[in-house]
Amino acid sequence: MALQLVALSFVLVLVSLLAAEGQKEPDPTVQGAPRETATCRRPQWDWRLWLAPDQDNYKENEEVMLSCPKGFQPSFTRVKCVREVQSTSFGTHVYREVWDGKLSGGGWVRIQSYVACVATCRRPQWGSRLQLAPDQDNYKENEEVMLSCPEGFQPSFTHIKCVREVQSISYGKPEYREVWHGRDSGGGWVRIRSNVACVATCRRPQWDWRLWLAPDQDNYKENEEVMLSCPKGFQPSFTRVKCVREVQSTSFGTHVYREVWDGKLSGGGWVRIQSYVACVEVLQVVPGTLEVSSTSIKLNWTCRLPDACQNMQATCRAMPSSPPCEAEEVKGEEMLHGQEGTFTCPPLQPFTDYSVTISLPLGTILFSWLVRTEGTVPDKPEELWLDPSTGSLRWKALPSCQGEIIGYQLNITTRSTQDGAFLETERLRLSSSVTEHPLPEYGPGSSYAVTMQGLTAAGAGAASLWEFQSNSSHTPHPLDISCRSVRDISPSQGTAVLLLHPIAHPNEAAREHQLIVAATHNGTGVEGACVGEPQPFNASQQPGAYMAAVLNLTTSTDFVLGDGTRGQGYHNAALRLGSDYTALLRLVHRSQQVEKFTCVCYSFSVVAGQPPGSWRGTVIGVVVLLAIFLLSAGILWLVLSRKRKSLPSKAKEDN
């Protein structure tokens, strides 16, 4: 019986152990199995925080309300605990406690830092029309708040912030009071001494876009003075204005206002602005009257605001320049009086920059103009020499002081000492960057005359002349002109016979020759006629160089000058009695940069009582010689005839 009791006791203990083992670890995956509720410990934040409900632990997702003592406010007024998986160890999740805070918009955000009681200020009790953003009952210390008003009004300050300052100390504890600061127009913060109210304002006036308003705002308070200014050379109709609101009408007992602007007169009074305020050009230079030459600047001016044109001064100043084109200082100053006038700068230098300024005594510039005087022809080149090693002409480049040098005009005239009637001139247009040019190749004893001119947009400057011979480059030698003579001249008929030879070289094709006549024996005139453009013959004036004929010469020929024939562009006019003439047989070759004129000159004079020319004497001589020859032949024939008659009688005697 005892053994049975022991066995029964063992079975009961075993069943109890098995039952306890089965309840020790319930499976959370099995529906209906019991689950422990997750909790978070009370957060260790600011000790001044009051939590409701006030507990040591809070269930997950349980909302807790936070509050602070008077004058303070928590960072969040509602929080809740959330448990999130921190890690997993041996298949088991390890959780950590985090807190979320509720935003004013209703959403939740993770609290990343310490939640504290922050000093706050109550909503200021100012004008009812003031609108605060954000719109709250309390604001944190130093939280910036924006103020606005209904249309047509503006707050005294548009940005404010609350500051808590110690008012007193009671029982060792400071007592604070709320003060508000407002941001001024300069961006600084000032203490607000009185209530902020919505003040009647005017919108920024829609006048000339060039106007500068100070202060520069979108709205202005009633009776607030605003200064107006304009860019240099302009002035506003009024320099000071202010906004005034006046009753336009009354609707249902309420006044309807409109904005108007008053302008301040020079005498200090205010007047209603009836029209558009614009930037007016104080001093106007009359269009089309600006005159600029190589030595002067002239302009006409008109003052549109007489009150602003007192004691005006006009000046001319040379702008800084560099050698070798240094500008001389110009003392051009003049006081301008009245409402209009003319200002002329004193004598100036060509191709030089000048500043023309019209200003007021305090330095206000009404008109400013930077202008360059017109260029003129350049100075004469002074340095030119022959390089014996290369046979080239060299020269020093001209500076662009009188005008921009755009090139050089180079004339090279060549004469042969063996034939003084021969004249060849090359006229070249060279670039401004060129400073040397080879001479034409001729035999020993050739003489050269070189003229050089600088070129600007205004034309060619004075020419420099150098003369030398090919066998003596250092000693200048005057050029001799010895034209061919003309012997057969008929003063009564106004003609002369010229023996012309083609100028074209044997290896060149025959080209058109021109016969030019000039009423001169002067050597310079001959050279000018050779390279110049002959004018049509004018019988009513003293003849200059004119074209007498155009010939296609292939062989030597006699040409009667002055026979009166006419053609396209030429007139072989009769020669005038008592005049000196030079006739030039000319051949012209032109290319893009070079013109070559080759001439042979004939010189003669048409004088009354002049003996017949040599050809008549030649004819008479030939006739005389022919008569003598015929007479001699007749005498010889008679002698021979008599001799023949005497031969038969002599033969008979011999027989």
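Two strands count as paired if DSSP finds at least two bridges between them. Strands (E, at least two residues) and helices (H or I, at least four residues) are DSSP runs numbered from the N terminus. The model is predicted, with local features requiring pLDDT of at least 70 and side-chain atom pairs counting only at pLDDT 80 or more, while totals for chains, interfaces and linings use all residues. Residues are numbered from 1 along each chain as its sequence is written, and side-chain values use heavy atoms, leaving out hydrogens and water.

**Confidence**
- The average pLDDT (the predictor's confidence in each residue, from 0 to 100) of the protein chain is 81, and 86% of the residues score at least 70.
- Residues 17–35 have a pLDDT below 50, and this stretch has two contacts (heavy atoms within 4.5 Å) in the model beyond near neighbours in sequence.
- Residues 613–617 also have a pLDDT below 50, with four contacts beyond near neighbours in sequence.
- Where pLDDT is low, the predicted coordinates should not be read in detail.

**A four-stranded sheet**
- The strand order β30-β29-β32-β33 describes an open sheet with antiparallel pairing.
- Because β30 (332–336) and β33 (365–372) are edge strands with a single partner strand each, one side of each has no neighbour in the sheet.
- Five bridges link β29 (residues 312–318) to β30 in the antiparallel sense, and Thr 315 lies opposite Glu 333 in β30.

**Strands around β14**
- β14 (residues 159–170) pairs antiparallel with β12 (residues 144–148) over three bridges; Met 146 has His 159 in β14 as its bridge partner.
- β14 is also joined by 10 bridges to β15 (residues 173–183), again antiparallel, and Ile 169 is opposite Pro 174 in β15.
- The hairpin of β14 and β15 has two residues between the strands, and Tyr 171 in the turn has a positive phi of about 55°.

**Nonpolar cores**
- A nonpolar core is a set of buried (under 20% relative accessible area, with exposed over 50% and partly exposed in between, using a 1.4 Å probe and protein chains only) Ala, Val, Leu, Ile, Met, Phe, Trp, Tyr and Cys residues joined through side-chain atoms within 4.5 Å.
- In the largest core, of 39 residues, Leu 498, Leu 561 and Phe 604 touch the most other members.
- Elements that each supply at least two residues of this core include α2 (523–531), β44 (495–500) and β51 (594–605).
- Apart from this core lies another of 25 residues, among them Ile 297, Trp 301, Cys 345 and Tyr 354.
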